[in-house]
Amino acid sequence: MPVRNETSTRFIDEVRIISQWTYVVAFLSYPVAAAAVVFTTLTDKSGDHFHKLPVLVPLAIMGGTALACYILLIGYVNSDAGRRGMSRLGWTLLAIFIPHALGIVLYFVLRKPLTSNCPQCTAVVEPSFGFCPRCQCRLNATCPQCRRSVHAADKFCPYCGRGLGAVANEGVNNEGRSAP
Ligand SMILES: [Zn+2]
Ligand SMILES: [Zn+2]
């Protein structure tokens, strides 16, 4: 897989795809946890209604946080499945209803590689593609010698050392037509 300079911003970018309503729903975990504490305290039959609070409050904060994280993960699955061309509804339901978060684990194991669209013909293309398989539009600069992805501004291939002075033109003329 080509290595690019995007790793540092990747996590932030991943978090950004979670929709705002997911954050709203996730935040509701705390009122729900607080309500559970109030309910437990009021229905305590032991007479002293408040003696369990020092245990219940931290427990509720932890439980609320865990629930919020779970909801955010489901929101992530929902958004991420869409941009990978997978069923958003199907995977969201699996993430919610398979117990012990196994649906979420399953999603991360089985999810397809991230795809994007060709800027010219909008065909679905994978990030490792150098050219669009449908219209031959150049997607990423590739080294003419080792065919790995390079940055358009690179002067030399970081993998094989070949000079890339005219990589854009050479790429199209020499390997564009033979690219799979
Ligand atoms: Zn195309
Ligand atoms: Zn190379």
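Donors here are N, O and S atoms within 2.8 Å of the metal (3.2 Å for Na, K and Ca).

I noted that this is a predicted model, in which local features need pLDDT of at least 70 and side-chain atom pairs count only at pLDDT 80 or more. Residues are numbered from 1 along each chain, and ligands are numbered from 1 in the order in which they are written.

I looked up the protein donors of ligand 2: Cys 143 (SG), Cys 146 (SG), Cys 157 (SG) and Cys 160 (SG), 2.2 to 2.3 Å from the zinc ion. Cys 146 sits in the loop between β3 (141–142) and β4 (149–150) and Cys 157 in the loop between β4 and α7 (167–175), so the pair ties together parts eleven residues apart in sequence. Helices (H or I, at least four residues) and strands (E, at least two) are DSSP runs, numbered from the N terminus.

Cys 146 is partly exposed, at 27% relative accessible area, while Cys 157 is buried at 4%. Buried means under 20%, exposed over 50%, and partly exposed in between (1.4 Å probe, protein chains only).

I then turned to the zinc ion (ligand 1). Cys 118 (SG), Cys 121 (SG), Cys 132 (SG) and Cys 135 (SG) coordinate this ion at 2.2 to 2.3 Å. Cys 121 lies in the loop between β1 (116–117) and β2 (124–125), and Cys 132, eleven residues apart from it, in the loop between β2 and β3. Cys 121 is partly exposed at 27%; Cys 132 is buried at 3%.

Technical notes:
Heavy atoms only, no water.
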